Amino acid sequence: MEKEIVALARQIGKMLQEEECYKKMEESRIASDQDTELQDLIGEFNLKRIAINEEGMKKDRDQEKITKFNNEMREIYTKIMQNDNMLAYNEAKSELDKIVGRVAAIITQSANGEDPETTDVHEGCTGNCSGCSSCG
């Protein structure tokens with residue numbers, strides 16, 4: 001029976017990749033990868049993060065420097081998140097995450113004895129059961 005369950009999971013994986021939001025996510029991921037302005041911002045962001053970590057590890061760390069780097073990093077992050085390609089990617093990923101979360105919730109609830117035909121994501125449920133005490 002385990003082989004059949006795994007085969008069904010693989011089939012779900014294939015179906016997810018046929019979802020329009022998955023296709024949009026992949027298209028926007030590729031566009032993001034090719035967006036030199038966005039990639040430059042991501043590079044700057046990573047350099048600021050490294051600078052913050054390095055300064056924070058020093059015995060005589062300069063808190064003003066850390067604050068300055070943090071503020072610059074926040075500004076860069078805001079620019080990254082306002083980029084059209086990043087916005088498109090995040091929107092499509094959010095749609096796909098909802099589907100995946102719903103499937104995961106149904107599987108988890110079924111494994112906990114719920115009726116697979118009627119169980120679903122409950123109001124307020126994110127589909128991520130790791131921090132949940134109950135769906136009841």
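Trainee: What pattern does the protein chain follow when read along the sequence?

Mentor: This is a predicted model. Read from one end of the sequence to the other, the protein chain follows the pattern α-α-α-α-α. In total there are five helices and zero strands.

Trainee: How much of the protein chain counts as buried?

Mentor: Burial is judged residue by residue, from relative accessible area, and buried means under 20%. Of the 136 residues in the protein chain, 20% count as buried. The accessible surface of the chain comes to about 10300 Å². Carbon and sulfur atoms hold 52% of that surface.

Trainee: Which residues make up the largest nonpolar core?

Mentor: A core of this kind is a set of buried nonpolar residues joined through their side chains. The largest one here has eleven residues: L38, L41, F45, A51, I52, I66, F69, M73, I76, I80 and M86. Two elements give two or more residues to this core, α3 (36–57) and α4 (63–82). There is also a second, separate core of six residues, among them L16, C21, Y22 and L96.

Trainee: Is R49 buried or exposed, or partly exposed?

Mentor: R49 counts as partly exposed because its relative accessibility is 41%. R49 lies in helix α3. R49 and M73 are 24 residues apart along the chain, and their C-alpha atoms are separated by 7.2 Å.

Trainee: What share of contacts joins residues 24 or more positions apart?

Mentor: Among contacts in the protein chain with a separation of 6 or more, residues 24 or more positions apart account for 56%.

Trainee: Which residues meet where α4 contacts α5?

Mentor: On the α4 side they are I80, M81 and Q82, and on the α5 side D84, M86, L87 and N90. By class, this contact has four nonpolar, two polar and one charged residues. I80 and M86 also belong to the largest nonpolar core.

Trainee: Where is S32 found, and which residues does S32 touch?

Mentor: S32 is in helix α2 (residues 20–34). S32 is classed as buried because its relative accessible area is 7%. Setting aside residues up to four places away in sequence, S32 touches L38, Q39, N85 and M86. S32 and N85 are 53 residues apart in sequence, yet 5.3 Å apart in space, C-alpha to C-alpha.

Trainee: What is the relative accessible area of T108?

Mentor: The value for T108 is 31%, so T108 is partly exposed. T108 has its place in helix α5. From T108 to T119 is eleven residues in sequence and 9.8 Å in space, C-alpha to C-alpha.

Key:
Residues numbered from 1 in each chain as written. Predicted model: local features only at pLDDT ≥ 70, side-chain atom pairs only at ≥ 80, totals over all residues. Heavy atoms only, no water. Helix = DSSP H or I, 4+ residues; strand = E, 2+ residues; numbered from the N terminus. Buried < 20%, exposed > 50% of the residue type's maximum accessible area, 1.4 Å probe, protein only. Contact = heavy atoms within 4.5 Å. Core = buried A, V, L, I, M, F, W, Y, C linked by side-chain atoms within 4.5 Å. Nonpolar A, V, L, I, M, F, W, Y, C, P; charged D, E, K, R; others polar. Areas by Shrake-Rupley, 256 points an atom, 1.4 Å probe, with all protein chains shown as cover.
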